[in-house]
Amino acid sequence: MPSRLKILAPDYDYLALNRELLVQEFSDGVPNFAESPQNLKLGGDVRLAFPELVGMEGIMMDILAGRQISFQLAGIVRADQHHTAQAPDHSFYFDLHICHHQDENENYLILLFKDVTERMKLQQKLIQKSNETNLLLSALTHSKNYGGAEGAGGAGGAGEAGEAGEAGGEKFKLELLRNTDYTD
Amino acid sequence: MTKISKKICLVGDFGVGKTSLIRRFVERQFSDQYLSTVGVKISRKTLESVNLQLLIWDLEGHTKFKSIAPSYLQGASGVIVVADVSRLETVERLDEHVNLFLSVNPKGKIAIALNKSDLVEPEKLNQLVQIVQDKDLNPEAGLYQTSAKTGAYVDELFEQIADNILIKA
């Protein structure tokens, strides 16, 4: 039975499907990963609880038939709908791994779920900082292109404005990078 | 009549407003606060008029350090490729995103959104439209000058790509 998977891979929760994508078995933690836990039922269509599987039917059939070994979707977020400035954010992320499992005469598709919230929240912080910095730099470059070189420490005639603006942009970029704290 | 479900993706550079377009369309809301998306978030919206449930994948934006993972695009019936009209480089990279999508889904439907149209003058918008048209991307589901902030052409964008997907189905 696929339930042995829980012993072999304790960090993962699992769900077993048949060829018709109907739920055959799942571990206790799986409802926590479902978008609609109330729709997660033995014998039910797995796509009702996990909408990310809509459109993946071809891939899942290929895995079941052995034409493809596995498939992974990393960093799926389940957003906290009730999150406000006052309330804590309970959003969480998980990786979904789809593979095949043959057990005696039964042939299953196995969905493995792993909570990766910690990793993804850290990644979000880093990407947020980096993107904000780049947006600021883009805005500065844009204003330089339209506003001449005055902000970059002055320049002579109109013909020199581009060069001076570029030099100012580089200086500003270095300044931004110096001031960006990626450990935050 | 059974409801059909179809997957579409929003792709584009970081900060172009993909999440905001989805939020405007699904929740009828807008926030000025920028919160970068990591991984993927899936939203649902049913278009009652055509009995279609759209599963809208909001993908992490492309940056120079990280490209869009093709695995997220698999199984999508359509894509909305988004650019920010106040950042020319995001418009220039539209064809890169279109080609990536088509490499995974050669028969998928494509729409292009020139977003944040409220931030630039109509004259400049026309120039940007010309730049996109010169790329010969031929988005079957159209090219839209959207604003998630004002809501301009957001519904039209999603409804048109839904129609195009259904024609194919």
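This is a predicted model: local features need pLDDT of at least 70, side-chain atom pairs count only at pLDDT 80 or more; totals for chains, interfaces and linings use all residues.
Local features need pLDDT of at least 70 and side-chain atom pairs count only at pLDDT 80 or more, whereas totals for chains, interfaces and linings use all residues. Residues are numbered from 1 along each chain as its sequence is written, and side-chain values use heavy atoms, with hydrogens and water left out.

**View 1. Helix H4 of chain B and its buried side.** Helix H4(B), residues 122–134, has 13 residues and spans 18 Å from its first C-alpha to its last, close to the 18 Å expected at 1.5 Å a residue, the expectation being 1.5 Å times one less than the number of residues; helices are DSSP runs of H or I with at least four residues, and strands are runs of E with at least two. B:Leu125, B:Leu128, B:Val129 and B:Val132 are buried (under 20% relative accessible area, with exposed meaning over 50% and partly exposed in between, for a 1.4 Å probe and protein chains only). They lie on the same side of H4(B) because they cover an arc of only 105° around the axis, taken from the directions from the helix axis to the C-beta atoms. The face turned away from this buried side carries the exposed B:Glu123, B:Asn126 and B:Asp134.

**View 2. The surroundings of B:Ser77.** B:Ser77, in the loop between strand S3 (52–59) and strand S4 (78–84) of chain B, is buried with a relative accessible area of 12%. Not counting residues up to four places away in sequence, B:Ser77 touches B:Lys6, B:Lys7, B:Gly108, B:Lys109 and B:Ile165, contact meaning heavy atoms within 4.5 Å.

**View 3. A:Phe50 and its contacts.** Leaving aside neighbours within four places in sequence, A:Phe50 is in contact with residues including A:Leu15, A:Val30, A:Phe33 and A:Phe113.

Definitions and conventions:
Chains are lettered from A and ligands numbered from 1 in the order in which they are written.
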